[in-house]
Amino acid sequence: RNLLGSAFKVGERVLIAELLQVDLDPYRQQVLVDKGTLSGVFVGQPVLDANAVMGQVERANPLTSTVLLITDARHSLPVKVNRNGLRSIATGSGLIDQLNLLHVPKKADIRVGDLLVTSGLGGTYPPGYPVARVTEVSIEPGKRFATVT
């Protein structure tokens, strides 16, 4: 419900679902929602909450669907830095509040506080939706890439 009044634009077709269950397995980040194929849900469909991208439908049954959260270690999505357009891949860390950016060059212009948004590449997520904020950039000698969280 908050999504409809949010600052970012959603497409014409919006389906509002409520959480039925949160998976408590420490190795999986997924939730069950109260909408399924009878409501038009399909596997691979992007899922948003009022603040940002939340995940992607992994399984769709007639009345319910399982959503793989972007923080799950099995999930990755293409993102870009909103400030300068730098592109990367955000991968789930398995922790509920952390993503990692892969293969970011040490000299890349990325800073703590940068907003990451969906890039639109791959066709799953429309471009421009908020994903996360950079909380840490670490450059270690001897490593080829920066560590970005």
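Hi everyone, thanks for coming. Some housekeeping before the structure. Residues are numbered from 1 along each chain as its sequence is written, and side-chain values use heavy atoms, with hydrogens and water left out. Since this is a predicted model, local features need pLDDT of at least 70 and side-chain atom pairs count only at pLDDT 80 or more, while totals for chains, interfaces and linings use all residues.

Let me start with the record. UniProt, in an unreviewed entry, lists residues 21-148 as "domain: Rod shape-determining protein MreC beta-barrel core". Please keep in mind that UniProt positions are given in the numbering used here, feature names are shortened, and annotations may be inferred rather than shown by experiment. In the model, the span 21-148 is 0% helix and 43% strand, and its end C-alpha atoms lie 31 Å apart. Helices (H or I, at least four residues) and strands (E, at least two) are DSSP runs, numbered from the N terminus.

Now to the sheet. In what order do the five strands of the open sheet run? The order is β1-β2-β5-β4-β3, with antiparallel pairing. Two strands pair if DSSP finds at least two bridges between them. At the edges sit β1 (19-22) and β3 (46-48), each of which pairs on one side only. From one strand to the next, the twist averages 35 degrees; for that, axes are lines fitted to C-alpha atoms, for helices over the stretch in contact, and angles run from 0 to 180 degrees between N-to-C directions. Looking at β3 in particular, its antiparallel partner is β4, residues 53-60, and three bridges hold the pairing. V47 stands opposite G55 in β4.

Staying with the sheet, have a look at L68, which belongs to strand β5, residues 65-69. Is L68 buried or exposed? L68 is buried, at 8% relative accessible area; the classes are buried for under 20%, exposed for over 50%, and partly exposed in between, with a 1.4 Å probe and protein chains only. Leaving aside residues up to four places away in sequence, L68 touches Q29, Q30, M54, G55, Q56, E58, R74 and H75, where contact means heavy atoms within 4.5 Å.

On to charges. How many salt bridges does a search of the whole structure find? The search finds ten, a salt bridge being a side-chain nitrogen of Lys or Arg within 4 Å of a carboxyl oxygen of Asp or Glu. R28 takes part in a salt bridge with D23 (3.6 Å, N to O) and in one with D25, where the closest N and O atoms are 3.4 Å apart. R28 is partly exposed at 34%, as are D23 at 22% and D25 at 26%. There is also a network of salt bridges linking E58, R59, D72 and R74.

My last stop is R83 and D114, whose side chains meet in a salt bridge of 2.8 Å, N to O. D114 lies in the loop between β8 (99-105) and β9 (115-118) and R83 in the loop between β6 (76-81) and β7 (87-92), so the pair ties together parts that are 31 residues apart in sequence. Which of these two is buried? D114 counts as buried at 7% relative accessibility, whereas R83 is partly exposed at 36%. The R83 side chain also makes a polar contact of 3.0 Å with the side chain of D109. Beyond D109 and D114, R83 touches I110 and R111, and the C-alpha atoms of R83 and I110, 27 residues apart along the chain, are separated by 8.9 Å.

Conventions. Polar contact = N/O pair within 3.5 Å; in protein donor to acceptor, adjacent residues only side chain to side chain.
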